[in-house]
Amino acid sequence: MESRFRFTAGPWNVNEGVEAFGPGVRPEVPIEEKFKKFAEIGLSGVQFHDDDAVPDINNMTERQIIDYAKDMKSTLDKYGLVAEFVAPRLWMDPRTTDGGFTSNSKEDYDFAMWRAKRSIDIARALGSKNVVLWLAREGTLCAESKDPVEKVGKLIDSINEMLAYDENIKILIESKPNEPIDRSYCPTIGHVMALSAATKDPARVGAVLESAHAILAGLDPANEMAFALKFGKLGSVHLNDQNGCRYDQDKSFGAESLRSAFNQIKVLVDHNYGAGGEMVGLDVKAMRTQHPDDQYRHIQNSMKVACMLEEKVARFDREFQARCIAERNYEKLEMYVMELLMS
Ligand code: XUL
Ligand code: MN
C-alpha cells in the first residue's frame with residue numbers, strides 16, 4: 001500500500017497476551033523473527049525499550065551494553081529496518097516501584113538516571129537520535145506521599161541531565177494520564193509542552209502522542225497532535241484506539257472510532273508530519289484471542305486503515321468544506337464527512 005508515512009512498531013506489539021487476569025496464551029517470538037516479519041509486512045523501523053535492545057542490561061557493564069546494541073543494529077540492518085527510538089523501561093524493576101525520576105528514594109532515582117543514560121548510549125549505537133520517556137510511574141498512588149511541585153522539578157532536572165549527557169539526543173515525552181500510576185505528573189500534551197519549555201534546551205524536547213492515552217485523558221487525539229504540531233514538537237505518534245475511559249487497550253487504529261482516526265491522519269497530512277524524518281508508530285496489541293499463526297494482523301490492519309484514511313484525506317473536498325464554512329453549515333459538512341468515510 002502506498003503511504004507518505006514510514007511506519008514502525010515495537011517488539012512488545014507482538015506478545016504472549018499476558019494480562020492482569022490471565023497468563024500468556026501465545027509462545028514468545030524471538031526478536032529477530034519479529035524484525036523479519038515487520039520488514040515483510042512493510043514496516044520501516046522498530047521502536048525499542050532499552051531492555052528490548054539489551055535484555056540483560058542491569059547485569060552488564062556500560063561497554064558491554066553498547067557492544068550488544070551494536071550487534072542489534074546489525075540485525076536491524078539485515079532486514080533494512082531502522083531504530084526509531086529507545087525508551088528506558090522504568091516500571092518493571094523493583095527499584096522503580098515508587099517511580100524513577102520522582103521516586104522518594106535517592107538510590108532509585110540514581111538507578112533511573114543510570115537507565116536513562118544507558119538508553120541514550122543504546123539509541124546512539126542503534127543509529128537513532130530519539131529517546132522516548134513514557135513516565136509510567138511518575139506520579140502518585142497516594143497523593144500525600146510526594147510534593148508535586150518538587151517532583152515536577154525533579155522531572156525537569158532529569159531531562160536536563162539527559163540533554164547534557166549527549167548534545168545530539170532528542171527527548172520525546174509520551175503523555176498518559178494514568179495506568180499504572182493513579183495520578184500522572186505528565187498527563188497531556190500541554191504538560192509535555194510546559195516541561196519542554198522549562199528545560200535548558202526546549203528545541204530538543206518534544207512529544208509523542210498516543211491516541212489511546214489522549215482518550216484516557218478525555219481529550220481528542222487529533223487536537224492533541226495539533227497542539228504539539230503548532231509548537232513544532234510532535235516527534236512521534238502512537239496510533240491505536242481505545243473504547244472510552246477504561247484500561248489501556250491499545251486497539252487497532254480506527255477500530256473504535258473511524259472518524260477520530262480520519263482526523264488524526266488528516267491533521268498529520270495537512271501539517272506535513274514526517275517531513276522532518278518523524279515516523280508513525282503503531283502501538284497496538286493483538287486481542288488475547290488471536291492465534292499465534294496470525295499475530296501480526298493488528299499491525300497490518302492498523303497500517304491498512306492509516307493508508308485508506310490517507311486516501312480519504314486526499315479526496316476530502318476542500319472547496320465544499322470552504323462553502324460549508326462560509327455558510328456556517330456544519331451539519332452539511334459533517335454529513336459530507338460521514339459519506340466520505342462510508343463511501
Ligand atoms: C504505555 C505505552 C508504552 C510506550 C513506550 O502505555 O504506550 O508502550 O509507548 O514505553
Ligand atoms: Mn505508546
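# Questions on a predicted model

Me: Which residues does Leu-126 touch, not counting residues up to four places away in sequence?
Reply: This is a predicted model, in which local features need pLDDT of at least 70, side-chain atom pairs count only at pLDDT 80 or more, and totals for chains, interfaces and linings use all residues. Residues are numbered from 1 along each chain as its sequence is written, chains are lettered from A and ligands numbered from 1 in the order in which they are written, and side-chain values use heavy atoms, with hydrogens and water left out. Contact means heavy atoms within 4.5 Å. On that basis, Leu-126 touches Phe-48, Ala-53, Ala-69, Met-72, Lys-73, Leu-76, Ala-83 and Val-86.

Me: Is Leu-126 buried or exposed?
Reply: Leu-126 is found in helix α4, residues 106-126; helices (H or I, at least four residues) and strands (E, at least two) are DSSP runs numbered from the N terminus. Buried means under 20% relative accessible area, exposed over 50%, and partly exposed in between, with a 1.4 Å probe and protein chains only. Because its relative accessibility is 2%, Leu-126 counts as buried.

Me: What distance separates the C-alpha atoms of Leu-126 and Ala-69?
Reply: Ala-69 is among the residues that Leu-126 touches. The two are 57 residues apart along the chain, and their C-alpha atoms are separated by 6.3 Å.

Me: Which side chains make a polar contact with the side chain of Asp-250?
Reply: Asp-250 lies in the loop between β9 (234-239) and α9 (258-270), and it is buried, because its relative accessibility is 4%. A polar contact is a pair of N or O atoms within 3.5 Å; within protein, one must be able to donate a hydrogen and the other to accept it, and residues adjacent in sequence count only if both atoms are side-chain atoms. The Asp-250 side chain has one such contact at 3.0 Å and another at 2.7 Å. The partners are the side chains of Asn-240 and Lys-285.

Me: How many residues around ligand 1 are nonpolar, polar and charged?
Reply: A residue is near a molecule if one of its heavy atoms lies within 4 Å of it, and the residues around ligand 1 are Trp-12, His-49, Trp-91, Trp-134, Glu-174, Lys-176, Glu-210, His-213, His-238, Asp-248 and Asp-283. Ala, Val, Leu, Ile, Met, Phe, Trp, Tyr, Cys and Pro count as nonpolar, Asp, Glu, Lys and Arg as charged, and the others, Gly among them, as polar. The shell therefore divides into three nonpolar, three polar and five charged.

Me: What percentage of the area that ligand 1 exposes when taken alone does the protein bury?
Reply: Oxygen atoms of ligand 1 lie 3.0 Å from a polar side-chain atom of Lys-176, 2.8 Å from one of Glu-210 and 2.9 Å from a side-chain N or O atom of Asp-283. Taken alone, ligand 1 exposes 290 Å², and the share that the protein buries is 94%. Accessible areas come from the Shrake-Rupley method with a 1.4 Å probe; for residues, only the protein chains shown count as cover.
The value is 94%.

Me: Which elements are included in what covers the buried residues of α9?
Reply: In α9, the buried residues are Ser-260, Ala-261, Phe-262, Gln-264, Ile-265, Lys-266, Val-267, Leu-268 and Val-269. Their cover includes α7 (211-216), α8 (221-230), β9, α10 (297-315), α11 (318-327) and α12 (330-342).
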